[in-house]
Amino acid sequence: MSETNLVNDAKIAFIGAGNMAAAIIAGLVKQGVAPANIEVCAPSEGNRARLASEYGVVHSADNNAAAAKADILVLAVKPQMMREVCAQLAEHRNPNCVVLSVAAGITCQSLANWLATPAQPAENIAVVRTMPNTPSHIGLGACGLFASSAVAQTQKDQAQAIMAAVGLAVWVNSEDEINIVTAVSGSGPAYFFLVFEAMIDAAEKMGLDRQTATQLTLQTALGAAKLAQTSEDDAVTLRKKVTSPNGTTERAIASFEQNKLRDTFAAAMQACSDRAQQLATELAK
Ligand SMILES: NC(=O)c1ccc[n+]([C@@H]2O[C@H](COP(=O)([O-])OP(=O)(O)OC[C@H]3O[C@@H](n4cnc5c(N)ncnc54)[C@H](OP(=O)(O)O)[C@@H]3O)[C@@H](O)[C@H]2O)c1
């Protein structure tokens with residue numbers, strides 16, 4: 001059974017019609033979710049009307065009306081907008097829906113606090129926090145998910161189906177781990193883009209033309225990732241297999257080690273995770 005079968009009969013409302021909403025909607029429709037069950041909301045017509053014409057989904061400027069009907073409410077606005085958007089939705093949304101946030105740095109507790117009403121305290125609000133990444137736009141995303149304690153198993157399955165429509169979706173056991181997911185896959189594409197840039201620049205400096213350097217670098221990255229994903233060998237073994245004693249790769253790896261590449265990555269990822277934690281605290285205020 002395709003995972004999207006789990007959301008086939010659900011009403012899904014997207015609050016926000018930007019890049020991330022567009023990526024997920026594209027994935028859901030491609031996987032057979034009925035466009036009529038998807039409603040996308042945004043204040044201005046441009047983005048939401050484009051999504052409606054491209055995918056046949058319903059669109060409107062009325063967040064509250066869409067949220068009142070929704071079984072799954074996807075919050076896809078910028079983090080800075082989230083508090084205001086949640087406060088407006090609080091009294092209007094279907095209280096039995098699962099709320100799925102794709103916003104960086106907003107905790108489940110903040111979302112639940114902003115969505116709480118006298119009739120439904122924060123601890124009873126089912127919130128799933130996700131950390132997607134930009135390759136979601138081509139269906140190759142890598143997303144971490146964390147569920148608050150009020151989320152039922154069927155709602156977890158639905159959240160999983162939504163994010164799996166645009167790539168890999170992996171659950172973490174504690175919300176703090178979302179900061180680590182941010183350091184690995186959320187920000188990870190940028191690390192690889194930087195490595196591509198460095199390799200292309202170096203190859204050009206050594207005398208290759210930029211186009212050839214770019215083609216070779218990107219194909220090598222793609223091939224290495226595919227090989228690592230499909231091989232029974234782990235990354236260490238794969239690396240050793242390309243590293244003959246006293247050969248060319250060995251010289252390159254020795255240079256990386258001497259220049260403390262591992263420490264460089266560890267420090268960068270720690271800085272990223274620390275900043276995610278700091279943002280979560282700032283945005284909760
Ligand atoms: N972009 C990524 O690849 C990526 C990756 C990881 C996480 N995220 C997270 O995804 C979220 C959305 O990012 P994005 O890149 O999709 O942003 P975006 O392209 O700027 O889209 C934001 C959307 O929110 C809409 N919006 C603003 N105020 C609203 C309101 N009051 N009610 C309803 N909709 C409202 C905007 O409406 P208009 O169309 O009228 O302008 C726009 O459609 C962010 O929280 C971000 O942290 C994004």
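Colleague: Quick one on N63: buried or exposed?

Modeller: Buried. This is a predicted model, and in it N63 has 19% relative accessibility. The cut-off for buried is under 20%, so N63 counts as buried.

Colleague: Which helix does N63 lie in?

Modeller: Helix α3, residues 63-69.

Colleague: And what does UniProt place at N63?

Modeller: A "binding site" feature, according to UniProt. The entry is unreviewed.

Colleague: Which residues does N63 touch, leaving out those up to four places away in sequence?

Modeller: I15, C41, V85 and L89.

Colleague: What about C86, how far is its sulfur from the closest cysteine sulfur?

Modeller: 11 Å, again to C97, and that is too far for a bond.

Colleague: C41 and C86: buried or exposed?

Modeller: C41 is buried, at 0% relative accessibility. C86 is buried too, with a relative accessible area of 0%.

Colleague: Switching to packing. How many residues are in the largest nonpolar core?

Modeller: It has 36. I12, F14, I24, L28, I162 and M163 have the most contacts inside it.

Colleague: Which elements give two or more residues to this core?

Modeller: Strands β1 (12-15), β2, β4 (72-75), β5 (98-101) and β7 (141-147), plus helices α1 and α6 (153-164).

Colleague: Take F14. What does it touch, not counting residues up to four places away?

Modeller: A21, I24, I25 and L28, then I38, E39, V40 and C41, and also V74.

Colleague: Last topic, N37. Where does it lie?

Modeller: In the loop between α1 (19-30) and β2 (38-41). N37 counts as buried, at 15% relative accessibility.

Colleague: Which residues does N37 touch, skipping those up to four places away?

Modeller: N8, D9, A10, K11 and I12.

Colleague: What separates the C-alpha atoms of N37 and K11?

Modeller: 4.9 Å, though the two residues are 26 apart along the chain.

Colleague: And what do the side chains of N37 and K11 make?

Modeller: A polar contact, at 3.3 Å.

Note on methods:
Residues numbered from 1 in each chain as written. Predicted model: local features only at pLDDT ≥ 70, side-chain atom pairs only at ≥ 80, totals over all residues. Heavy atoms only, no water. Helix = DSSP H or I, 4+ residues; strand = E, 2+ residues; numbered from the N terminus. Buried < 20%, exposed > 50% of the residue type's maximum accessible area, 1.4 Å probe, protein only. Contact = heavy atoms within 4.5 Å. Polar contact = N/O pair within 3.5 Å; in protein donor to acceptor, adjacent residues only side chain to side chain. Core = buried A, V, L, I, M, F, W, Y, C linked by side-chain atoms within 4.5 Å. Disulfide = S-S within 2.5 Å. UniProt positions renumbered as here; feature names shortened; annotations may be inferred.
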